[in-house]
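I opened the notebook for this chain today. These are my entries on what I looked up.

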Amino acid sequence: MPMLTITNSQIVTPQGIIEEGTLTIADGRILSIEAGRSHNSPGIDVLDGKGLTALPGFLDLHIHGGGGSDTMDAFASDALKNILRTHANFGTTGLLLTTMTQSQELISHALAVATQAVKQGKEFCPEGAQALGIHLEGPYISPKRPGAQPAEYVRDYDEDEFGRWLEIVSGTMKRITIAPERPGGTELLAACRNAGIVVSLGHTDATSAEALDALAKGATSATHLYNAMPPLHHRTPGATAIFLTDNRAMVEIIADGHHVAPEMIDLALRSKGVEGVILITDAMAGAGSGDGQYDLGGNAVTVGDGKAVLADGTLAGSILTMVQALRNVRAWFPRLSWNDLALLTSGNAARHMGWENKGRIAPGADADIVLLDNNLNLQQVYIAGQRIR
Ligand SMILES: [Zn+2]
């Protein structure tokens, strides 16, 4: 049994911080966590983590692309591998491949390719983030709030179409973004519940009553809070006010400094508590790939000045990485502790999705670990106990 220890680093665990500890990893899992340094023993690889802090690997529940590749144009599994490798290099160790609103044919194809990647598990791309499932974003969303989703393909729930997709994904669709107020919303929520799919509300024009109704019917989160939903208004609060105040909903936030002002992220952190906020990237092909022209689910996108926009200036996904999201929130909110940062970048996502072996550094958990220096620069990344950076 190949063993590895990472010694001499600060370790952030759900029970608290171990200032100078040793992590022992075997067979892709964390075997033990101990205070103090490890001593060399034969047959064990020892890595020195001096001056570094170990956090659980980042989990990204909403990501469209990276490294020049997009989930929707992933006709070859090489494109998906490129996305997984690119984001692993920025500390993401597990993610949900997220589709875009498109024709039935294109979504079917993307789902088929992504399903193969998810089914192969860690073997699909050992040096990349693990594809933990599919997040279907659209097409059953509100035509009033498409954001950068191609509006011509936005449609109401179609039982036959969705049934076909459920067959294609054979259990790998783990999460969906829907507008619950649209015709068929109640049936769609029920179909998702039956299939064990986590329902997130987004690209929605729901009133507060409609949002409450969807939470009562089993929805458990809001997709990129504030973006593509009615803005807060003191006389017409709308879905956003419910997402902020109802404990049944967790909220995704794109913390790139372009999608949401830091003051509004602060409002979310204070309303939901740190445990209720999930940082996501909503990254598109330009993430980790530089400025230029890209495609996002059929729309032409220009990347520059740290953002991705359509021709009319609409934000079109982000070029954010999880480690940059972590640096941003730490800079805006110095009060956040290491444990808070771990919850925001992995722990909350794992709890939301029911992934018991992810999002925490604990004996028995998967050895998905990132090591950061004090400036929050990524120094080492481990996926299933393998160092990939
Ligand atoms: Zn979106």
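At what angle do the axes of helix α8 and helix α9 cross, and within what distance do they come? I note at the outset that this is a predicted model.

**Entry: the helix pair.** I took α8 as residues 322-332 and α9 as residues 338-353. Their axes cross at roughly 145° and come within 11 Å. The crossing of α8 past α9 is right-handed. Next I listed the residues that meet. From α8 I have M322, L326, V329 and R330; from α9 I have L341, L344 and T345. I sorted this contact by class and got 5 nonpolar, 1 polar and 1 charged residues.

**Entry: V277.** L344 turned up again, among the contacts of V277. I find V277 in strand β15, residues 277-280. Is V277 buried or exposed? V277 is buried, because 22 C-beta neighbours lie inside 10 Å, and the cut-off for buried is 20 or more. Beyond four places in sequence, V277 contacts V251, I253, A268, L269, K272, L344 and N348. I also checked T302: 25 residues from V277 in sequence, and 29 Å away between C-alpha atoms.

**Entry: the domains.** The domain assignment gives me domain 1 as 3-54 + 365-387 and domain 2 as 58-353. Over C-alpha atoms, I have their centres 30 Å apart. Domain 1 puts 11 residues into the contact, and domain 2 puts in 17. On the domain 1 side, strand β20 (residues 378-383) gives the most, with 3 residues. I count that side as 8 nonpolar, 2 polar and 1 charged.

How values were computed:
Residues are numbered from 1 along each chain as its sequence is written. This is a predicted model: local features need pLDDT of at least 70, side-chain atom pairs count only at pLDDT 80 or more; totals for chains, interfaces and linings use all residues. Domain bounds come from an automatic or database domain assignment. Two residues are in contact if their C-beta atoms, placed from the backbone, lie within 7 Å. Helices (H or I, at least four residues) and strands (E, at least two) are DSSP runs, numbered from the N terminus. Ala, Val, Leu, Ile, Met, Phe, Trp, Tyr, Cys and Pro count as nonpolar, Asp, Glu, Lys and Arg as charged, and the others, Gly among them, as polar. A residue is buried if 20 or more other C-beta atoms lie within 10 Å of its own, exposed if 12 or fewer, and partly exposed in between; C-beta atoms are placed from the backbone. Axes are lines fitted to C-alpha atoms, for helices over the stretch in contact, and angles run from 0 to 180 degrees between N-to-C directions. A crossing is left-handed if the near helix is turned anticlockwise from the far one by less than a right angle, and right-handed if clockwise.
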